[in-house]
Amino acid sequence: MAKKQNTSRGPGQRQLRVGESIRRILSEIFARGELHDPELAHVSITVGEVRMSPDLSVATVYVLPLGGENALEVSRALARNKGELRHLVTKELNIRFSPDLRFLPDLTFDQMAETERLLNLDRVKQDLAKPDIAEPQPDPEPND
Amino acid sequence: MTERRLTLTSARHQPFNYLVSLKVGSTFLRNLTYVLDHGKPYSQQEADYPKSLHSRALTREELMREVSFFVVRDPVSRFFSLYFDKVVGTPENRFEFITEKLRTHRIFHEGPELTLEQHRENCMSLLGFLGVRLRRNNGQKINPHWSQQISRLGAAVEFGLKPLMLEKLEPQLLQIAEGRIEGLEAAMGMVKSRNRSPRPVEIEDVLTPKVYNKIVTLYPADIQLYDLVKTGWEVLGHPPDIKL
């Protein structure tokens, strides 16, 4: 008898392992500057997470340029280069198939910051309203 | 038009310049620079320390000819350094203005033998305090002990400074120096230990997903920056080219 599928389960170990491998490979490709798209030449990109579909045929890659600006443009530029990236990833990844890469802006930081803002709104107001006692300054440094 | 210059801490007689970032190895570098200048470690009796340290305003071209760098640190490790040193550290190191604020408006457990849970609560309390300070928009300067490392990256990138990692500072510094700093290795040996804050407990024992997520929320770009520098060094074997 076939096992009953639990569709609410999180990603399996293999999904997580392949996703992390792809995240690592893409980070290394970006570090080596192996893409030659002029739109990506002047930007440092981090890969926050790669989520694999259950059958491992699709990898959703969450990317963010350093500082977080123009995340959408960067993900679109990467999508334009996905053929080359897919080739480079498959070469490094020791698996028989070649997952399709889909690039999306990594919104984790934004979402966390927004949640944080909402949770702390009253506390922030209260804290800012009260005067500080004298705040000592650090030792003088030429750059401070 | 005058060429733009960046003022950095420098050795007096050697081509050695760095951008100071507090809680990112600044005491180690200050002590190292002192040894490069004086040939011996400083002692507490020397009244002119650290004012005797030298600074120079240099152009990008000059900086790129010399050994010029900045250091990045994992934001989690940097946060705990602040906590262990300035919040629950020795009275001479502690920032009373922080503990006073935590005591009055938040939570602050004190004493020589705090439990892990009390440390965790203190950390969340401190992170709440930092969140307020980092969001200030009334023109007040953010304290450099907890300001975002990325806030000074613009200058570092513009002037071509090389990014190094705190945990691999010594070998990476020797690598980029390429023999241009006389006595660098010996000077590192003379700076006996880094300024490591005494730790009553291990970071790994205090760090919970809640504390980690809060640090990520406050320092998202620093997490990215650290990741880029770390991956860059690991992949390339030399300082990566950071683009901002």
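Student: Are Phe16(B) and Phe69(B) buried or exposed?
Tutor: Keep in mind that this model is predicted. A residue counts as buried when its relative accessible area is under 20%. For Phe16(B) and for Phe69(B), the answer is buried.

Student: What is the centre-to-centre distance between Phe16(B) and Phe69(B)?
Tutor: These two residues form an aromatic pair. Their planes make an angle of 65 degrees, and the pair is edge-to-face. The centres are separated by 5.5 Å.

Student: How many residues apart are Phe16(B) and Phe69(B)?
Tutor: Good thing to check, as the pair links distant parts of the chain. Phe16(B) sits in strand S2 of chain B, and Phe69(B) sits in strand S4 of chain B. The separation is 53 residues.

Student: What is the angle between the planes of Phe129(B) and Trp146(B)?
Tutor: Both Phe129(B) and Trp146(B) are buried. They form an aromatic pair with centres 5.6 Å apart. Planes over 60 degrees apart count as edge-to-face, and this pair is edge-to-face at 75 degrees.

Student: Where is Trp146(B)?
Tutor: Its partner Phe129(B) belongs to helix H5 of chain B, 17 residues away. Trp146(B) itself lies in the loop between H5 and helix H6.

Student: Why does Asn17(B) count as buried?
Tutor: Asn17(B) lies in strand S2 of chain B. Buried means under 20% relative accessible area. Asn17(B) is buried because its relative accessible area is 0%.

Student: Which side chain makes a polar contact of 3.1 Å with the side chain of Asn17(B)?
Tutor: The side chain of Asn17(B) has a polar contact of 3.0 Å with that of Glu66(B). The 3.1 Å polar contact is with the side chain of Ser68(B).

Terms used:
Residues are numbered from 1 along each chain as its sequence is written. Chains are lettered from A and ligands numbered from 1 in the order in which they are written. This is a predicted model: local features need pLDDT of at least 70, side-chain atom pairs count only at pLDDT 80 or more; totals for chains, interfaces and linings use all residues. Side-chain values use heavy atoms; hydrogens and water are left out. Rings of Phe, Tyr and Trp (its six-membered ring) pair if their centres lie within 6.5 Å; planes under 30 degrees apart count as stacked, over 60 as edge-to-face and the rest as tilted. Helices (H or I, at least four residues) and strands (E, at least two) are DSSP runs, numbered from the N terminus. Buried means under 20% relative accessible area, exposed over 50%, partly exposed in between (1.4 Å probe, protein chains only). A polar contact is a pair of N or O atoms within 3.5 Å; within protein, one must be able to donate a hydrogen and the other to accept it, and residues adjacent in sequence count only if both atoms are side-chain atoms.
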